[in-house]
Amino acid sequence: MSADLSTAAARRIALAAQGFADRPPAGTPTRTHFARVLGRTRLLQMDSVNVLARAHYLPAFSRLGPYDDELLDRAAWRDTARAPRLLAEYWAHEAALIPVDDWPLFRWRMREFAEGRWRHTRDVLRRSGALVDDVTAVIAEAGASTPRQIEDRLGIDRPAAEKGSWWTRGEVKHVCEALFAAGTLSSVRDRNFTRAYDLAERVLGADRCATEIAETDAVRELVAKAAAAHGIATLPDLADYYRLKTAQVRAVLGDLLDDGTVREVGVEGWNEPAYLHTAARTPRAVPRSALLSPFDPVVFFRPRTERLFGFRYRIEIYVPAHKRVHGYYVLPYLHDERLAARVDLKADRTAGVLQVLAAHHEPDVDIGRVAHDLAADLRTTATWRGLDDVVVQPRGDLAPALTAALGGG
């Protein structure tokens, strides 16, 4: 395939589409700044791992710098006349926060999940169908409730041995999850990230919940949003953003080509066509540095990450410790348009220290410059998480230079 664009140009397009060419706020980030980030990313993938910060907090930090977590909390789980809710949880790119106005675009998926996403949940619904009505009635009367609170109201007492991981959770939890997947329930969270379920119409508004969009129209809109978020993307890239099937994307791609939303281009080194969004821009340079969440849209589709940056990335949380190559919670480091390094980070909240458990650089980078800029970004990260210092452990080929850059050697 002939190349219309270099790989470097494709990288700049992708980074600009994700907000890394936007000017960071001069002062404290505001709700307006946060909304701008959301306009770029279109969603925030969620993850409960809190070794550094939960994943959905990190993309805004990567783009805005230190901000108050309350900006996200209020946008996702509070609703006031002065500051209406901006986000809602649903299955988009896995568990994600999506703009509330996008919720109707997933109605077709809610129909697919009408009996739950998981086999065990479907089994629970088949044998305990009456529990659906009981759970819904409790929430309708009591308001947002945790599964434990619902169990208490229904007089259900489970042995302590059953109160553990997902597969040992009681039937009420499975019913709540099924109703959430089906769009009957939505969810809110408190400051401890505890999830409570409420009627979707109370969280999102009756009008949004009543809005019906045909599946083809909804998928077309989602693919258009994915194309804007990527800037430039292959068909699998477009499909992955909202976890669509490639057949769904193919079915609507012609419409987006015909109306000028995207145009087909070739990219140097890519073996399949790419689709360039009409609003995509190609900055001359993207001179930014940022630590990226493992679930940041820039890197969450690993084949795209490798194709754009030549950076092979695998999260090793579930790999036994002795088999890990780079560490447990490893964040790629974006540095002047490259993923130049990766660091395994842990917020030691008891000691007030950001621990760099391992630091590795990529080939052919200016190690001293990367270490210098990374040291500054780590200090900023520590401050954001309320930590007083950064300590580098002697693991990884970047650790000595990073230690020196932090003044430790």
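The legends below describe several close-up views of a predicted model.

Residues are numbered from 1 along each chain as its sequence is written, and side-chain values use heavy atoms, with hydrogens and water left out. Because this is a predicted model, local features need pLDDT of at least 70 and side-chain atom pairs count only at pLDDT 80 or more, while totals for chains, interfaces and linings use all residues.

**View 1. An open sheet of 3 strands, in the order β1-β3-β2, is paired in the antiparallel sense.** Strands are DSSP runs of E of at least two residues, helices are runs of H or I of at least four residues, and both are numbered from the N terminus; two strands pair if DSSP finds at least two bridges between them. The edges of this sheet are held by β1 (44–45) and β2 (87–92), each of which has a single partner strand, so one side of each is left without a neighbour in the sheet. Strand β1 is joined to β3 (residues 94–99) by 2 bridges, and the two run antiparallel, with Gln45 standing opposite Ala96 of β3. Glu94, which is also found in strand β3, has a phi near 55°, a positive value in a residue other than glycine. With a relative accessibility of 32%, Glu94 counts as partly exposed, where buried means under 20% relative accessible area, exposed means over 50%, and partly exposed lies in between (1.4 Å probe, protein chains only).

**View 2. Helix α6 (residues 119–127) meets helix α9 (residues 171–181), their axes coming within 9 Å and crossing at roughly 105°.** Axes are lines fitted to C-alpha atoms, for helices over the stretch in contact, and angles run from 0 to 180 degrees between N-to-C directions. The two helices, α6 and α9, are therefore roughly perpendicular to each other; by the convention used, angles of 65 to 115 degrees count as roughly perpendicular, under 35 as roughly parallel, over 145 as roughly antiparallel, and the rest as oblique. His120, Thr121, Val124, Leu125 and Arg127 of α6 make the contact with Glu171, His174, Val175 and Ala178 of α9, contact being heavy atoms within 4.5 Å. The residues of this contact divide into 4 nonpolar, 3 polar and 2 charged, where Ala, Val, Leu, Ile, Met, Phe, Trp, Tyr, Cys and Pro count as nonpolar, Asp, Glu, Lys and Arg as charged, and the others, Gly among them, as polar.

**View 3. The axes of helix α1 (residues 7–17) and helix α12 (residues 215–230) come within 6 Å and cross at roughly 115°.** On the side of α1 the contact is made by Ile13, Ala14 and Ala17, and on the side of α12 by Ala228, Ala229 and His230. The residues that take part divide into 5 nonpolar, 1 polar and no charged.

View 4. A disulfide is a pair of cysteine sulfur atoms within 2.5 Å. The sulfur of Cys176 is 16 Å from the closest cysteine sulfur, that of Cys209, which is too far for a bond. Cys176 is buried, with a relative accessible area of 0%, and Cys209, at 17% relative accessibility, also counts as buried.

**View 5. Strand β8 (residues 274–277) has Ala274 and Leu276 pointing one way and Tyr275 and His277 the other way, and all are buried.** In a regular strand the side chains alternate between the two faces of the sheet. Strand β6 (residues 232–233) pairs with β8 in the antiparallel sense over 2 bridges, and Tyr275 in β8 is the bridge partner of Ala233. Strand β7 (residues 262–265) also runs antiparallel to β8, to which 4 bridges join it, and Val265 stands opposite Ala274 in β8.

**View 6. An open sheet of 5 strands, in the order β9-β10-β11-β12-β13, has mixed pairing.** At its edges stand β9 (289–291) and β13 (389–392), each with a single partner strand, so one side of each is left without a neighbour in the sheet. Neighbouring strands of this sheet are turned by 30° against each other on average, direction ignored. Within the sheet, strand β11 (residues 338–348) and strand β12 (residues 353–361) run antiparallel and are joined by 8 bridges, and Arg342 stands opposite His360 in β12.
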